[in-house]
Amino acid sequence: MAETIFAPWDDPNAKPLIRFRNVTKRFGEFTAIDDLTIDIYEREFFALLGPSGCGKTTLMRMLGGFETPTEGQIELAGKDIARVPPNKRSVNMMFQSYALFPHLSIWDNIAFGLRRGRMPKAEIANRVEEMLRLTRLEKFARRKPHQISGGQRQRVALARSLAKAPTLLLLDEPLGALDKKLRQDTQFELMDIQERTGTTFVIVTHDQEEAMTVASRVAVMEDGRIVQVATPDAIYETPNSVYVADFIGDVNIIVGRADPQGDKVHLNWAEGQPKFIGTPASPFEKGQTCHYAIRPEKISISAQKPEGATNTVEGKVLDIAYLGNISTYHVELAGGQVIKAQKANNRRISRRSFTWGDQVWLSWTDTAGILLER
Amino acid sequence: MRRFALIAVPYLWLLALFLVPFIIVLKISLSDIALAIPPYTPTLDLSEGWAGIRRFFAGLDFENFRFLATDNLYWKAYLSSLQIAAVATLLTLLVGYPIAYGMARAPQEWRATLLMLVILPFWTSFLIRVYSWMGILSTEGYLNQLLIWAGLIENPLTILNTPVAVYIGIVYTYLPFMILPIYAALEKLDESLLEAAEDLGCSRLTAFWLVTVPLSKQGIIAGCFLVFIPTIGEFVIPSLLGGSRTLMIGKVLWEEFFSNRDWPVASAVAVILLLILIVPIILFQRNQQKQRETDT
């Protein structure tokens, strides 16, 4: 699979396409981006993920040239572009609102950027037709933006921003206005187009599922800083902080004191309860406060105490959230701590093994849980 | 029945306030001047029955319209009115567009105040405002005093009673009618469209020509008609500021009516003026219709 081979960030000789070097952006008193340094490589599908107000849009607008950094440099292919205006850089942006020109047809919208250069007419026509084919919009070329659906408008915006074959394409919440089903289909389409054109994509999103699906690497942001940059699976399996673990997917966080035992750490989380054993993300000292993060789907539920499991704990079913394919069980432990565990509904609901108030055993392996400092 | 009542209200309004007066004016324009009260013949006398009605219609003719065609004063006045209206509309657009643009780009909290300032002159009587322009533009007026004081000129300029004064008066009076529709169009303009244009390789100026101007087109058209249509028939401004040298059909009409007391010819002038105005009014309505269609 190409996905596994493609990892220029692990290659010390690879030259990044974009380099943010100690970039700070302040709006008056407010610091939107705080001393940020990051490398993005060619052909990457890079996702900036974070809650609203975390600075991800500001970061993207600096790449597009709509904001200039207060301090620091932004390099594109080795050149400092921090002060280059948007019309002078080979970066195009797909706007959240799509920003299609309402007075122009779909065809003219796509041709708009091409006409600004010195491209001959025939070549422009060829390029527009190519873009229309790529986004399957041939039938709508003569229509105006208000005469097509939201999904089609999204594709026009994509075609228009790709028409000039930019070195870097920025996507600002590109799928935010689409409904869930269409969004999922479009995610795969986006990945497909990215792969076929070989363009570097930087996407801004607050939807973690979207970031996980499309991106080669995800940067999780908080208050103008990047908390973690990693591949989607690394972000999910080995988050470096409670913030990241909590932001991506569902997680149980159990706070306790560390007790290192070889390469594992035992967690003392409540008086008179068995210790939990997990893999530490960083070295811990004895007695240090630590957070045990474990995903609900990695915990199994059984009626009897399972034999040979590393971590077992008894509890009572407090609540069941039925989601169709899976159910999330909220299990209250002896100390009052509630742990979420997920179980696939591979039987019909009437034959469900556990119900409210049942005593159950939860168990998981020592590699399932990860220990975090903060 | 209720639907009929709803439609009937505007139609009755139109009938009572437009169609009936128009028919009266049309009738007078087909009559002959007479030394009587009212100063024209024939008048409809229903007491004579059918014969009276027939005599009434027999007395009507197109003589006044033929007279308008033969005397070149009238068509010169029409042409000059159209020309003055066209030039004044263009000048109003040139002054009004930047103001509307500035207002639409002003911070949100300022816009209501700016809008208020544009409408504010309407709180004073139109006549008083035109008279005060006489005080500003006359040879001893404030403008000349200021220019002489500033040392820019030595002898006062003659502005009052020239076409320049008429243009100043028209631009000043009709500016809000130009600003408001353009402002309405520009305010709706999505800022990200301009960013998209820049992103796709436009400079600020080309983005303005290729995005801002086309998207405010309907506001420009509406504003131009709102200035052009009433300016053609304008009477107060040319007679107060333009002096005897400015020829406009509104002034001619006034003189026929009040100085010559020739109601039939004055009515004929008014009927022709209305026919001339119908063309831009229909075009204006089309533009409004189109705007409604694109908005939905």
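Trainee: Leaving out residues up to four places away in sequence, what does B:Leu147 touch?
Mentor: With those neighbours set aside, B:Leu147 is in contact with B:Leu152 and B:Ile153. Keep in mind that this is a predicted model.

Trainee: And which helix is B:Leu147 in?
Mentor: Look at H7 of chain B, residues 142-149.

Trainee: Okay, how far is B:Leu147 from B:Leu157 in space?
Mentor: Going C-alpha to C-alpha, 9.3 Å, and the two sit 10 residues apart in sequence.

Trainee: Why is B:Leu147 called partly exposed?
Mentor: Because 14 other C-beta atoms lie within 10 Å of B:Leu147. Buried would take 20 or more, and exposed would be 12 or fewer.

Trainee: New topic: how many residues of chain B are in contact with chain A?
Mentor: 14 residues of chain B, and they meet 16 residues of chain A.

Trainee: Which helices of chain B supply at least two residues each to that side?
Mentor: H9 (191-199) and H10 (204-215). The largest share comes from H9(B), with 6 residues.

Trainee: What kinds of residues are on that side of chain B?
Mentor: By class, 7 nonpolar, 3 polar and 4 charged.

Trainee: Zooming out, how many helices and strands does chain B have?
Mentor: 14 helices and 2 strands.

Trainee: Is chain B compact or spread out?
Mentor: More spread out than a compact globule, because its radius of gyration is 24 Å, well over the 19 Å that the globule rule gives for 296 residues.

Trainee: And what share of chain B is buried?
Mentor: Buried residues account for 30% of its 296 residues.

Key. Residues numbered from 1 in each chain as written. Chains lettered and ligands numbered in written order. Predicted model: local features only at pLDDT ≥ 70, side-chain atom pairs only at ≥ 80, totals over all residues. Contact = placed C-beta atoms within 7 Å. Helix = DSSP H or I, 4+ residues; strand = E, 2+ residues; numbered from the N terminus. Nonpolar A, V, L, I, M, F, W, Y, C, P; charged D, E, K, R; others polar. Rg over C-alpha atoms; globule rule 2.2 N^0.38 Å.
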